[in-house]
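This report describes the architecture of a protein model, from its domains and chain contacts down to a single helix. The sequence and the structure are shown first.

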Amino acid sequence: MKRMSLLALAAAFAAAAAAAQEPIAIGISIAQSPPGSVVQGVQVKDGVEIVKDMINAKGGVLGRPIKLIYEDNQGVPEKGRAATEKLITRDKVVAVTGGHQSSVCLAEIEVAHRYEVPYVNTNCWSDDVRKKGYAEVFNPGNYNTRVSMAMAETIGAMKVKRVIAFAENTDYGIGQAKLLAEFVKTKAPGTDFKYETLDRAGKDFTPAVLALRANPPDMVVTMMLPPAAYIFMNQLYEQGVAPSAKTWFYDGAGIADYPDFWQNVKDAGKYMISFGLYHPQMPQPALGKEVAAEYTKRTKNEPNRLIFQAADSLLLIVEAIRQAKSTDPKAITKQLASMKFEGVRGAFQFSSAREPAYAYQQWVDIPYVNFQLTDVNQPVSKANLIQGPGQPLAVDKLQKPK
Amino acid sequence: MLALDLLVNGLVFGLFYALMAVGLAMIFGVLKVVNFAHGEFYMVGAYTYVLVATRLGVPPWLALPMAAVAGAALGALVERLLMRPLYAGYGSWSIMKDEYAVVVTFGLSLLLINVVDKVVGPYPFRGPPLIETSRFALGPVMMNGQKLIAAGISIALLTGLALFIKRSLWGRQIQAVAQNRLGASLAGIDATRTTALIFAISGLLAALAGALLAPLINPSPDVGAFPAIKSYVIVVLGGMGSIWGAMVAALLLGVLESFFAVYVSYDYRDAFGLLILILVLIFRPQGLAGEKGREV
């Protein structure tokens, strides 16, 4: 009897030890094939892989390594929903992150909410993701109100009279365009602003551009992602509309730091003004510099904001596990909601305010910059920084083609 | 001035559409099935051009014919391996022919997209232009050098194709097989070889369209969806199986889309083509130049 008890005890210890070594599974739902934005998906993956390796090299968290389980949502909401369902129910992940396309995020958070599993929104800008008010959803990335307000202030500071914006026909694009229109009324009251939506799967935008040629505006703004964004820029340039001596070109989607940007736009990118969430001249913690160096070492490219956003998304989950001393999804959620966090982009705490609705569990004061590309193939590090974080726009630094 | 710009742009894109759609029309004319992988012939041409020019350093003017050869080879291979069962001695296929063609070409389309995505990568990949002049004025119209050259090559190819079909021995054989496969075989025409030729030409034209547009629309693995949908509309609008009909329909669609986008709504520009498709199917199902079915 005594021998049986000892054997049972030994078996129990062995099982506990095995469980303790079992990796902690974290779900990553990204676009890895068309029609999703695979460019973004690859960058998110690069970012989380670097952080995973760094954490596991230091022994993991709670003595256990972390394991990333990827699902390809193809940038399609239904597939995102299925991917999140599978990650939670079959793969038993403790949290889900990686979301980078707003329409997909909006579908995925419904699943996360239903199962009460934390969802860290890496790069879905639509305010609607926040406005749902789900306790499981955390937003360390940018949001449309932030960028729209910033862009409206830029438009006001530049004193342009007539602005035409082009937005992709998605939750992100239309959401940002509507907000920008609202903010321009208050931040740039003397500016005539209108926007049009373009099909993100379109290949020829020349008719829309031709209509501008007869009466060029003072500024063209785009809120579009590649590849449509690149095609539109090339066609704008080809028709001599923007960037030009008469018309500024301002990108609100932050595509200037994409690895394939210059390869696809060449001359059309010169003189582009860009809203940005990362510039090497921004203050950055040591951990951020470490991730940047590792990314450059692995890919031979300069890092961009998606790398850092992805890194922070995973670091948040890991830190919440560490502080909660638990892998229970509810415990992680509770910890995320209250903890102070220092990641690769700086220190912050999620807002608990429910008004305005976009502020709920959002890093509200996420820093941003504005910069201008002044030469073809120019890396962001060499771009002309015309507005640093928290600084006014240096209008006198702006350049226009002759 | 805007109207002239739109007309020129519409005609130019109409020429590209024609280059894409004519091959699809030829395949339907002969086999009476739709090749759902036609957009991927275009994509393979675009990628061949871009990769050969950028990774191997081949001059763009040489990369162009290489893309054409790749398209022709792919077309011939598809015919030999996937489509030949439709007519080469499989009696029961006549019942399942349409279903077989849909499934196998759709599957091929998905396979090619994902292979390119994994092997080459997901990033859009702009091809080098044939001419470095990115913009110049052609009278009152601002033109892109690549577009102008691509339009010129398209006109030459379509004219050449029309003459080939009408005047050459091979062309007459194609017409014969399209009219009546059995009858053509009885007259001594090798219908299988003729069909292989049609697929090769279809692949060549689509691949060339992809290569010519690669510097303009930044190919990505799913770039074939755009020409495929346009081609289906054009083939129906022009009359299933009619090459001339497809050419005219392509130009018409290009111009109408161009004007519709500006004067009605840019949002629904691509949906406009599908609306035309529905209207044609309702009111003139044989298309502009097609015939209603005849049986003897």
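## Domain arrangement

In this predicted model, the C-alpha centres of domain 1 and domain 2 of chain A are 31 Å apart. The domain assignment gives domain 1 of chain A as 2-142 + 285-359, and domain 2 of chain A as 145-276 + 368-397. Their contact involves 16 residues from domain 1 of chain A and 20 residues from domain 2 of chain A.

On the side of domain 1 of chain A that touches domain 2 of chain A, two elements give two or more residues, namely helix H4 (102-115) and H5 of chain A. H4(A) provides the largest share of that side, three residues. By class, this side of domain 1 of chain A comprises five nonpolar, seven polar and four charged residues.

## Overall form of chain A

Chain A contains 13 helices and 14 strands. Its radius of gyration is 23 Å, close to the 21 Å that the globule rule gives for 402 residues, so chain A is as compact as a globular protein of that length. Along the principal axes, the C-alpha atoms of chain A fill a box of roughly 95 × 40 × 35 Å.

Of the 402 residues in chain A, 55% are buried. Among the contacts in chain A with a separation of 6 or more, 69% are between residues 24 or more positions apart.

## Contact between chains A and B

The contact between the two chains takes 32 residues from chain A and 29 residues from chain B. On the chain B side, at least two residues each come from helix H1 (2-31), helix H4 (93-119) and helix H10 (243-263) of chain B. H1(B) gives the most to this side, with five residues. The classes represented on the side of chain B that touches chain A are 15 nonpolar, seven polar and seven charged residues.

## Helix H6 of chain A

Helix H6 of chain A spans residues 144-158 and has 15 residues. From its first C-alpha to its last, H6 reaches 21 Å, close to the 21 Å expected at 1.5 Å a residue. Just after H6(A), Lys159(A) adopts a positive phi of about 55°.

Which residues of H6(A) are buried? They are Asn144(A), Thr145(A), Arg146(A), Val147(A), Ser148(A), Ala150(A), Met151(A), Ala152(A), Thr154(A) and Ile155(A). The cover over these buried residues includes helix H5 (127-131), helix H7 (171-187), strand S6 (162-168) and strand S8 (219-223) of chain A. Strand S10 (273-276) and strand S13 (369-372) of chain A also belong to that cover.

How values were computed. Residues numbered from 1 in each chain as written. Chains lettered and ligands numbered in written order. Predicted model: local features only at pLDDT ≥ 70, side-chain atom pairs only at ≥ 80, totals over all residues. Helix = DSSP H or I, 4+ residues; strand = E, 2+ residues; numbered from the N terminus. Expected span 1.5 Å × (residues − 1). Buried ≥ 20, exposed ≤ 12 C-beta atoms within 10 Å, placed from the backbone. Contact = placed C-beta atoms within 7 Å. Domains from an automatic or database assignment. Nonpolar A, V, L, I, M, F, W, Y, C, P; charged D, E, K, R; others polar. Rg over C-alpha atoms; globule rule 2.2 N^0.38 Å.
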